[in-house]
Amino acid sequence: MSKPPLTLYLAAPRGFCAGVDRAIKIVEMALQKWGAPVYVRHEIVHNKFVVDALRDQGAVFVEELDDCPEDRPVIFSAHGVPKAVPAEAARREMVYVDATCPLVSKVHIEAERHHENGLQIVMIGHAGHPETIGTMGQLPDGEVLLVETEADVATLSVRDPARLAFVTQTTLSVDDTKGIVAALQARFPAIIGPHKEDICYATTNRQEAVKAMAGKIDAMLVVGAPNSSNSRRLVEVAAKNGCAYAQLVQRATDIDWRALEGIRAIGITAGASAPEVLVNEVIDALKARYDVTVEQVETATENVEFKVPRILRVPA
Ligand code: SF4
């Protein structure tokens, strides 16, 4: 029986960003330098496939520093950690490596600078996400107020409306964030924003590529993990920009084939923590059922690379 035709639009850029690449490299280099086990506080990046592969090499994933022995190195995840975490590691004289993405660290520095200038900070982010916890944890309690929606802005209670600044999580929806920023500026005209966007290049580029294809596809598959903020935003961006069906899949076995019945064109992208091997697995699954023609939708090229911390560049 002949297979039905399917045009597969493949987003570019998609998948790993420079921060994720660096964080994974940090764990691998730490394992080479110190041998197993190396402890990692929280999933190094939000992807089960990546975490399982590192676990197989000897990484031990824990949620809190208290779960790490003092005589083994510990790595902090790409999402960033509250200041109290490295301080506690130093107090316990542990060897630690901070894999916080430099673009998250940039937001931490921004928040600190505003605090030093006497401003209270409003953070636009998702409650409970490790990046939000890490950024809020750079300053004493009460100095960073969290808003998740435009409605939150209306009820926000601040110390002094004339002395405010805002920062954002790096992996938000670019369009939704514009609305929240506009609401903040309308209510607090003196509020100071970042010199340059806090939403990172990788988040922005992946959302742009999805927008460019959303109008011409019947369905979109986003390869990524349910706890990956930037992957979930890609599903929302596809739906908001005219794609009738968008699904987050961790790998090919998650595809809901019934929901794809009758489609003629599909889009594929991957969140910043999803490896290309899983994208290829999804494409192969589609090729097994459809006569696929692949078209690349390239809206940006990326050549960002971050160095690993110095401690890993010198021999043990
Ligand atoms: S998504 Fe952006 S902020 Fe997060 S690790 Fe990647 S480059 Fe860094």
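This is a predicted model: local features need pLDDT of at least 70, side-chain atom pairs count only at pLDDT 80 or more; totals for chains, interfaces and linings use all residues.
Colleague: Where is G193 found?

Modeller: G193 is found in the loop between α7, which covers 174–187, and α8, which covers 201–214.

Colleague: What of A190, and in which loop does A190 lie?

Modeller: A190 lies in the loop between α7 and α8, and its relative accessibility of 41% means that A190 counts as partly exposed. Leaving aside the neighbours within four places in sequence, A190 is in contact with P161, A162 and L164. A further distance concerns A165, which is 25 residues away along the chain and has its C-alpha atom 8.4 Å from that of A190.

Colleague: Which residues does S273 touch, not counting residues up to four places away in sequence?

Modeller: On that basis S273 touches F16, V20, V45, H46, N47, V50 and S228. The place of S273 is in the loop between β11 (265–270) and α10 (276–289), and with a relative accessible area of 5% S273 is buried. A loop residue may thus be buried, as S273 is here.

Colleague: How should I read backbone angles and peptide bonds?

Modeller: The general idea is that most residues other than glycine have a negative phi, and that most peptide bonds are trans. With that in mind, we can look for the cases that depart from the pattern.

Colleague: Which residues does a cis peptide bond join, with omega about -5°?

Modeller: That cis bond joins A36 and P37, and P37 lies in the loop between α1 and β2, the latter covering 38–41. Another cis peptide bond runs from A12 to P13, with omega near 0°, and P13 lies in the loop between β1 (5–12) and α1 (18–34).

Colleague: And what phi does H42 have, although it is not a glycine?

Modeller: H42 has a positive phi of about 75°. The place of H42 is in the loop between β2 and α2, where α2 covers 48–57, and H42 is buried, with a relative accessible area of 15%. E93 also has a positive value without being a glycine, with phi near 55°. E93 is found in the loop between α3 (84–91) and β5 (96–98), and with a relative accessible area of 70% E93 is exposed.

Colleague: Stepping back to the whole protein, how many helices and strands are there?

Modeller: There are ten helices and twelve strands. Of the 316 residues in the protein, 52% are buried, and of the contacts with a separation of 6 or more, 76% are made by residues 24 or more positions apart.

Colleague: Why does a radius of gyration of 21 Å agree with a compact globule?

Modeller: For 316 residues a compact globule would have a radius of gyration near 20 Å, so the 21 Å of the protein agrees with that expectation. Along the principal axes, the C-alpha trace spans about 65 × 55 × 30 Å.

Colleague: Which domains does the domain assignment of the protein give?

Modeller: The assignment gives domain 1 (5–16 + 201–298), domain 2 (18–101) and domain 3 (103–187). The C-alpha centres of domain 1 and domain 2 lie 30 Å apart, and 13 residues of domain 1 are in contact with eleven residues of domain 2.

How values were computed: Residues are numbered from 1 along each chain as its sequence is written. Side-chain values use heavy atoms; hydrogens and water are left out. Helices (H or I, at least four residues) and strands (E, at least two) are DSSP runs, numbered from the N terminus. The radius of gyration is taken over C-alpha atoms; the globule rule is 2.2 Å times the number of residues to the power 0.38. Buried means under 20% relative accessible area, exposed over 50%, partly exposed in between (1.4 Å probe, protein chains only). Contact means heavy atoms within 4.5 Å. Domain bounds come from an automatic or database domain assignment.
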